[in-house]
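Biologist: I would like to learn how to read a pocket and a pair of packed helices. Could you take me through them slowly?

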Amino acid sequence: MTTRSWRDNFDGAEQVPEAPADVPSGDSGSRADQSDPQPADATAEPAIAGPPATAGTAGIRRRLRSPLTQGLIALIVYLAGNTVFLTHAMLRHLGTPEIAAGSLDPNAYIWFLHWWPYALSHALNPLYSRQIGLPGGLNLAWATTMPAVSVALAPITAAFGPVAAFNLLLFIVAPLSAWTAFVATRRLTGKFWPALLAGAVYGFSSYTVNHVTTGQPNLSFNIWLPLIVYLIAVWRDGKLRQASFVGLMAVVLALQFLTQMEVSVQITILGAAAVLLGLALAGRRHFATVLRLAVLLAIAYVASLVLVSPYLIYAIRHYPASLVRQPRLYSLNLSYLIVPKVTQTFGLTPLAQYAHRLAPAIGFNCYVGIPMLLVLAALVIFNARTRLVWLLAALFVLDLALAVGTILRVGVTWKARVPWGAIWSLPGLRSGEPARLILIGYLVLAIALAIWLSAPVRRRSIQVARWALGLLAVAAILADAIPARPSDHATSVLPPFIATGEYKHYIEPGEPIVVVSGRGNAGMLFQSVTDFYMRIGGGFINQSLTPRTDLPRAVANLARPDQKHVLLFLRYMRSAGITAIVVEADRDPAWTRIFSLLGLHGTRTGGVIFYPVPHCFSGGCTLPDRYRSRQHAT
């Protein structure tokens with residue numbers, strides 16, 4: 001069965017008048033019968049008369065048209081573009097924690113990458129750590145620790161360290177996501193160039209690139225969703241038996257769960273909706289096929305739950321009461337779809353001013369641009385009898401409807417409550433961020449773009465117009481996503497106290513300490529790069545599970561050292577058994593004064609100030625005069 005006939009059987013539709021029946025060229029892997037005649041491609045350049053091609057030239061052309069070769073070329077293109085425009089500085093400083101050094105997330109993910117191999121190799125529970133969050137430890141089951149990715153990168157972590165593994169992960173996530181989207185859309189259309197551009201739309205979207213540049217690999221490692229589409233396409237082409245399809249799909253769904261649980265929930269919701277829409281659109285001729293696909297997907301889904309059941313059961317049993325967010329703060333404002341970043345408004349002052357007014361905390365991870373929306377609209381208009389196109393359009397609309405959360409917002413002022421917003425109060429959803437559903441929307445748009453560009457037409461003017469709109473859509477997305485000036489130098493080298501191993505002269509293995517630093521989550525970073533040498537009070541793993549600081553709350557509050565905060569600080573130090581405080585040099589002026597007030601004396605060494613905590617902090621310590629009056633209060 002050819003790729004074209006696959007589309008016919010799935011769609012059950014005819015092409016518009018200017019688009020005669022045709023088999024997209026170059027997908028030999030899509031043919032069930034290689035003896036089937038191959039009609040001429042209406043979009044191809046006319047043949048030029050000349051001497052017949054040699055056997056060697058014909059062989060090269062066949063190899064260039066093969067899915068394997070084209071997939072390799074696409075991956076090289078994505079990696080090259082990623083290196084030039086996005087992450088070249090990262091490669092130059094692979095061992096330096098330079099990505100978003102002042103924020104909390106990057107060093108948490110460096111820690112996660114090391115934690116799973118460390119926990120498994122030391123027979124520890126990987127879903128609960130007593131290495132951080134002293135005195136009690138922290139529940140990791142509902143944090144995005146990315147066990148699948150952490151275990152896969154374990155050899156790199158062991159050989160080069162967790163920082164290098166983290167930087168390498170951020171380097172490959174966007175190209176790999178783009179490549180899997182290329183593989184899926186090429187399977188659907190049989191065309192290289194449309195699939196190459198579609199892959200770029202998905203892999204280098206604002207959503208993915210913004211999360212790469214902020215050091216959040218959990219939100220930028222998005223390879224599994226396109227692979228689900230690819231497996232469905234291969235099965236429908238008759239290239240995958242039912243048992244193999246169920247097994248592979250179960251593995252992919254399980255790996256998605258072990259990479260980003262939130263996306264798994266999104267796939268469950270929109271996947272079920274896609275199946276129902278498919279059944280509604282299939283018609284009598286294809287209803288049985290879609291129903292069979294639905295049954296196989298359900299079996300695969302159940303099998304995936306069995307695969308991840310140890311993790312899932314533990315997570316359900318240890319569901320934290322604090323795991324709740326306010327969907328309205330993390331919902332999609334529909335203006336984000338068409339308003340670019342302030343820095344990417346191309347000199348249009350009114351647009352820049354409006355973008356600046358919109359600029360939210362989450363914002364601009366959802367930009368798709370007007371040209372891309374026009375592609376989807378034109379695809380529906382000119383392919384009105386194609387069921388696959390209507391399925392894509394319906395899924396995109398449904399995706400946006402859910403992404404708006406509880407309140408539909410357009411622009412700065414207009415808003416209205418939506419009746420389906422209560423869905424975000426359900427268990428498993430109330431801790432999610434509705435706007436992240438745009439990831440699925442990007443894949444829908446990528447598929448729509450590939451179909452739009454691969455549709456055969458007779459008139460060259462129509463073909464040129466199609467490609468002009470498609471290229472404009474891709475250019476708008478890439479222009480908004482790629483940073484104008486990517487970082488070109490390391491900004492956050494480790495202090496010599498940690499980098500040279502000097503800490504071993506001051507801290508005993510397993511000793512509980514607190515790290516105070518201007519870099520986000522420095523304690524977890526230092527612990528990770530020292531192979532969990534010391535235990536840490538504090539640590540940030542998730543804004544719903546821990547305070548929005550990497551310090552224990554009692555230590556963070558000491559930045560305002562009144563009587564109550566000092567007493568709470570001393571109580572915490574006793575309960576957690578903290579024996580030392582390490583202050584990184586960039587934070588020493590304020591904290592030196594505070595700790596001096598408490599009678600602590602530090603040693604400046606290796607870019608840090610090391611404060612041994614007096615034994616009296618464990619009980620019976622006398623407060624300075626200014627705090628003594630409330631020593632026994634509260």
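Biologist: By class, what does the lining of the second largest pocket have?

Modeller: Rolling a probe the size of a water molecule over the atoms shows where empty space is left. In this predicted model, the lining of the second largest pocket has 30 nonpolar, three polar and one charged residues. Here Ala, Val, Leu, Ile, Met, Phe, Trp, Tyr, Cys and Pro count as nonpolar, Asp, Glu, Lys and Arg as charged, and the others, Gly among them, as polar. A pocket is an open set of points on a 1 Å grid over the protein atoms alone, where a 1.4 Å probe fits, with protein on both sides within 12 Å along at least five of seven lines, and lining residues have an atom within 4 Å of a point.

Biologist: How much space lies in the second largest pocket, and which residues are the closest to its centre?

Modeller: About 870 Å³ of space lies in this pocket, a volume being the space filled by probe spheres set on the points, which are joined across faces, edges and corners. Of its 34 lining residues, I228, I232, G271, A274 and L297 are the closest to the centre. Helix 12 (261–307) gives the most to the lining, with 15 residues; helices (H or I, at least four residues) are DSSP runs, numbered from the N terminus.

Biologist: At what angle do helix 4 and helix 20 pack?

Modeller: Helix 4 (residues 105–121) and helix 20 (residues 522–529) pack at about 30°, with their axes 8 Å apart, and are therefore roughly parallel to each other (under 35 degrees). Their contact has six nonpolar, four polar and no charged residues.

Biologist: What should I remember about numbering and atoms?

Modeller: Residues are numbered from 1 along each chain as its sequence is written, and side-chain values use heavy atoms, with hydrogens and water left out. Local features need pLDDT of at least 70 and side-chain atom pairs count only at pLDDT 80 or more, whereas totals for chains, interfaces and linings use all residues.

Key
Helix = DSSP H or I, 4+ residues; strand = E, 2+ residues; numbered from the N terminus. Axes fitted to C-alpha atoms, helices over the stretch in contact; angles between N-to-C directions. Parallel < 35°, antiparallel > 145°, perpendicular 65-115°, else oblique.
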